[in-house]
Amino acid sequence: TSDYGYLIFDKTCFYAESGGQVSDIGAIKGDKFKAKVTDVKKAPNGQHMHLVEVVEGTIKLGDCCTMKIMEDRRKKIRVNHSMVHIIQKVLQDELSLAIHQAGSYVDSERFRFDFTYSSKISDDDVIRIEDKAREIIEKNIKTEIMEMPLEEAKKLGAMALFTDKYKDVVRVVKIGSSIELCGGTHVESTEEIKRFAILKVESKGSNIYRLEACTNDMVPVLVSLSVAKYVDEIKKQLEIAHNLLIKAKEENIELDFDIDLDQNSLSSYKDIIYNKNQLAYVQSKVRDLNKKYNDEKSKKLEMNLDDYLEKKIELGKFDAIIMKVENIELKALKDLCDKLINKIQKGVVFFANVKDDSVNFLCKCSPNIGLSAGLLVKKASIMAKGNGGGSDTFAQGGATDSGNLDEIIEAVKESIKNA
């Protein structure tokens, strides 16, 4: 089994987690041991505490060793850290000089930047901020790192978390017009930041916003993940439309569904918003298609109204249409009930609508005739081991068992006859 523990060295090339930037990881090697460095923390007096997993041999006090960080990971982290500085300055320039950092997190895959802002931020604002940050990146600005007295840094306009404690001499990082107190790792020039994309900006409440973004190789990966929920829902919506068109064709209802979708490359916040808007567009088109289907279905049912009226029977003192039907949309069936009850005026319309193995009951009664649609539907639903009910004039219910419909319809007829 491997041994874990913290080690402190007189010198180290490992960056300890600080200022939102995660620590380096890597390996150390001595004459009689090999170990992985999985984390580095700062002790109260600034010592770097290396969390190590010993994979071979034994480590002893005073051992000499060779250290090696995971360099590719460090490069990715420093790109993201430099972007934090750039994005803070862009936010101040584009939204408000009053914006200040309220926290950050930087690793090799993405970065998070929390900031204060009292107004709303629109998608257009975010797109503009992303574009401005990209303009800065393209200028290939050299990073300047200087050490100077704290008061001199303040006069220079260096941004800092002044809730933190700083030494008399501080480290200043300057990237173009961005000047900050910072002890983290950074790019030598913005040329290293080849790609940049904002993933989201969201309010955390109390005038705090959180911006999440990524750089370089992670841009297409994480932007794709961000749009995946929209793409998946678009596919579901198109499947709904496809099934509706098949159903309409089987019922001799003509429907048109013309939709134009573009597949853009995924490299920016603009692409995320584009897919979000495409989803809204598709949802709107599918709603329109569904409405047209129901309208056409209602028209078709209305055209065949006489076919239903021919099924009218007398039950006691009432005119009644009691029928079993199949696969009629609920809205269309309600419309049909309304039209039929208006035709027979003093009576009752009762439908048992079968779809697959389930059944829906709909009932409409003329007002003040001594019949209750709610009681008739309740009785039918209970017999079908389901539930339902409603008012005296309209009720609906349903069940998953449609096996005894003939018996149920006869029972409903008997209730009407005896009312």
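Mentor: Setting aside neighbours within four places in sequence, Q92 is in contact (heavy atoms within 4.5 Å) with L97, I99, H100 and M159. This is a predicted model, where local features need pLDDT of at least 70, side-chain atom pairs count only at pLDDT 80 or more, and totals for chains, interfaces and linings use all residues. Numbering runs from 1 along each chain as its sequence is written, and side-chain values use heavy atoms, leaving out hydrogens and water.

Q92 sits in helix α1, residues 71-94. Helices are DSSP runs of H or I, at least four residues; strands are E runs of at least two; both are numbered from the N terminus. Q92 counts as buried because its relative accessibility is 9%. Buried means under 20% relative accessible area, exposed over 50%, partly exposed in between, with a 1.4 Å probe and protein chains only.

Now the core. A nonpolar core is a set of buried Ala, Val, Leu, Ile, Met, Phe, Trp, Tyr and Cys residues joined through side-chain atoms within 4.5 Å. The largest has 56 residues; M83, I87, F111, F115, F196 and I198 touch the most other members. Helix α1 is among the elements that each supply at least two residues to this core. Helix α4 gives the most, with 10 residues. Apart from this core lies another, of 26 residues, including I322 and V377.

Beyond residues up to four places away in sequence, F115 touches I99 and H100, among others. Both I99 and H100 are also contacts of Q92.
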